[in-house]
Amino acid sequence: MQALAAEQGAAYRIVLVASDRPDAAGLAWAREQGLATFALSPKGIGKAAYEEALDAALREAGAEWIALAGYMRLLSDKFVARWRGRIINIHPSLLPKYKGLDTHARAIAAGDAAGGCSVHVVTEELDGGEVLGRAEVAIRPDDTPERLAARVLVEEHRLYPAVLKAFVRA
């Protein structure tokens, strides 16, 4: 999110930073930067009510696209349908390989030569939408998932803003 905020300008402008965790560090940072925020936990209200509130906040803020960054909840088919073709996500693997969690450990365990990250369009299928951009990171013989993740994160911060700019201009 911070990398996206640092690169906003003529191509895109962040109108809302939203989280399902009201105590998320990114929200505090966003507020310090003067960005509008939305924070609501779905606990106790359910997924449907949470997504209705999120959708309303996004629309009220004037959002045209959604760029997920560190958002670890699955969006419902209904929410994805409302925003069809306008939600993108960054995922820490070279999609279509290693959808879901534990991607770095899975790539290392498989003996892959490279891991990396992908930016994709969000669809109802988990990590299944069109891949808009990828960045490869070599897997070293002594890599751990944590070391690989740290190197992939550098590439995520480079890749995501560039892909978002191209995506919103298309």
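Which strand holds the place of Val17? Select Val17 and see: the residue sits in strand β1, residues 17–19. Keep in mind that this model is predicted.

**Stop one: Val17**

Stay on Val17. Its relative accessibility is 9%, under the 20% cut-off, so Val17 counts as buried. Now show its surroundings. Leaving out residues up to four places away in sequence, Val17 touches Met1, Leu27, Ala30, Leu35, Ala36, Thr37 and Phe38. Pick Phe38 from that list. Val17 and Phe38 are 21 residues apart in sequence, yet their C-alpha atoms are 6.3 Å apart in space.

**Stop two: Pro42**

Next, select Pro42. You are in the loop between β2 (37–39) and α3 (47–61). Is Pro42 buried or exposed? Pro42 counts as buried, at 9% relative accessibility. Show what it touches: Asp20, Tyr50 and Arg73, not counting residues up to four places away in sequence. Arg13 is 29 residues from Pro42 along the chain, and 27 Å separates the two C-alpha atoms.

**Stop three: Ser93**

Move on to Ser93. This residue lies in the loop between β4 (87–91) and α5 (103–109). Ser93 is buried, with a relative accessible area of 2%. Which backbone oxygen does the side chain of Ser93 reach at 2.6 Å? That oxygen belongs to Lys97. Now look at Tyr98. Its backbone oxygen is 3.2 Å from a polar atom of the Ser93 side chain. Finish by showing the contacts of Ser93. Setting aside neighbours within four places in sequence, they are Tyr98, Thr103, Gly116, Cys117 and Ser118.

Key: Residues numbered from 1 in each chain as written. Predicted model: local features only at pLDDT ≥ 70, side-chain atom pairs only at ≥ 80, totals over all residues. Heavy atoms only, no water. Helix = DSSP H or I, 4+ residues; strand = E, 2+ residues; numbered from the N terminus. Buried < 20%, exposed > 50% of the residue type's maximum accessible area, 1.4 Å probe, protein only. Polar contact = N/O pair within 3.5 Å; in protein donor to acceptor, adjacent residues only side chain to side chain. Contact = heavy atoms within 4.5 Å.
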